[in-house]
Amino acid sequence: MSAAAETDLWTLGVILGLAVMTVVTRSFFFISSKPWKLPHWAQRGLQYAPIAALSAVIVPEVVMAQGHLLTTWQDARIFGAAAGAAFYFWRRGAGQAVLGTILVGMAVYLPLHLGLGW
Amino acid sequence: MTALRSLIRHTEFRAGARDMASVAPGLAAWGLMTGVTMVQSGMSLTEAVAMSLLVFAGSSQLAAIPLIAASAPVWVILATSFCVNLRFVVFSAHLRPYLMHVPRGPRLFLGYLTADLSYVLFTRRYAHPGEDPVQRRAQLAYLAGGSILNWASWQAASLLGIALANVVPLHWGLGFAGILALVGVACSLATSRMRRVSAGVAGAAAVAAFALPFKLNIVVAIAVAVALCLLLEPPAPPDQREAA
């Protein structure tokens, strides 16, 4: 929290290294131009990866605190996420259902979190 | 450059940007919190701006921030970043058949720009790689439109967070909007029974494996969900498969 932190070269070097890691991981399987094909089963399996990745990020962020499952239902995140998902399935097919998920979820989350301290 | 200009004029570029726009508030809330966190951890303005503009990967940045503050060995920081980013390695396998027609330089640049939601929205719109130049162009334009808007909203919010680091209250939990954006996109993907199974399995596995270091629980959860779905999937020849 220092007021005017100094820039140092070591940190800038690390940042450059981290940027390289972003390129390497995001492009990992298409860095090389050599032709090869994923086995068919792997390609079929990967269609389940996007929703799995989202769920793997979301669920712990909603039902866990400090590395443990919640022991109370008084947590604003559960209600916010549930309200957002409910809105999505209600408005599915209409325009901007995803945007509505964010807005409705926050409209439920913020009062519970800031007002009741959940 | 002219290639990029003609991509921007493609109607799918606009479609990609429009789909990304509906999740942009969530991305922005996340970017804002990441910007604030960088400055509050003691990084200088230059360092925080450089990290935001160059690294462009929220979870990797958040994992690296305390390690940088503690002057951890460089290889530890980079290895941590690689592990936290492992899900992108999985995504890159999925994206490979869509992108191999692009020359290597632009391909890697496109890969660099393709963050979680750009990947998810792209594969949601295109279940299969393009088969002719016209389809491939349209797909590229959609990916570019989404990725560029993703980049711009994330960077704008992150730089704003850096500038307002001492004013934005972290305890409000604004970053939760990022999770809600993912909830919305996940709901939009839950169109088949097997996909809902995938989501359920991955969620449970991510909680069960939460104690793993470097957010490895996420990549373990993806692996478990994909493997289980392959086992449970009703066998069907590829050409009769539902174009999910």
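Student: What makes the reach of helix H12 of chain B, from its first C-alpha to its last, close to the one expected?

Tutor: Helix H12 covers residues 193-208 of chain B, 16 residues in total, and reaches 23 Å, which is close to the 22 Å expected at 1.5 Å a residue; the expected span is 1.5 Å times one less than the number of residues. This is a predicted model, in which local features need pLDDT of at least 70 and side-chain atom pairs count only at pLDDT 80 or more, while totals for chains, interfaces and linings use all residues. Residues are numbered from 1 along each chain as its sequence is written, and chains are lettered from A in the order in which they are written. A helix here is a DSSP run of H or I with at least four residues, numbered from the N terminus.

Student: Which residues of H12(B) are called buried, and what covers them?

Tutor: A residue is buried if 20 or more other C-beta atoms, placed from the backbone, lie within 10 Å of its own. In H12(B) the buried residues include B:Arg195, B:Ser198, B:Val201 and B:Gly203. Their cover includes helix H3 (49-63) of chain A, together with helix H11 (176-189) and helix H13 (216-232) of chain B.

Student: Why are H1(A) and H7(B) called oblique to each other?

Tutor: Helix H1 (residues 9-27) of chain A and helix H7 (residues 86-99) of chain B pack at about 40 degrees, with their axes 6 Å apart, the axes being lines fitted to C-alpha atoms over the stretch in contact and the angles running from 0 to 180 degrees between N-to-C directions. Angles under 35 degrees count as roughly parallel, over 145 as roughly antiparallel, 65 to 115 as roughly perpendicular and the rest as oblique, and H1(A) and H7(B) are therefore oblique. On the side of H1(A) the contact is made by A:Thr25, A:Arg26 and A:Ser27, and on that of H7(B) by B:Leu86, B:Phe88, B:Val89 and B:Ser92.

Student: How many residues of chain A and of chain B are in contact, and which element of chain A gives the most?

Tutor: Contact requires C-beta atoms, placed from the backbone, within 7 Å, and by that rule 68 residues of chain A touch 84 of chain B. H3(A) gives the most to the side of chain A, with 15 residues.

Student: What classes make up that side of chain A?

Tutor: Ala, Val, Leu, Ile, Met, Phe, Trp, Tyr, Cys and Pro count as nonpolar, Asp, Glu, Lys and Arg as charged, and the others, Gly among them, as polar; the side of chain A that touches chain B has 44 nonpolar, 19 polar and five charged residues.

Methods
Helices (H or I, at least four residues) and strands (E, at least two) are DSSP runs, numbered from the N terminus. A residue is buried if 20 or more other C-beta atoms lie within 10 Å of its own, exposed if 12 or fewer, and partly exposed in between; C-beta atoms are placed from the backbone. Two residues are in contact if their C-beta atoms, placed from the backbone, lie within 7 Å.
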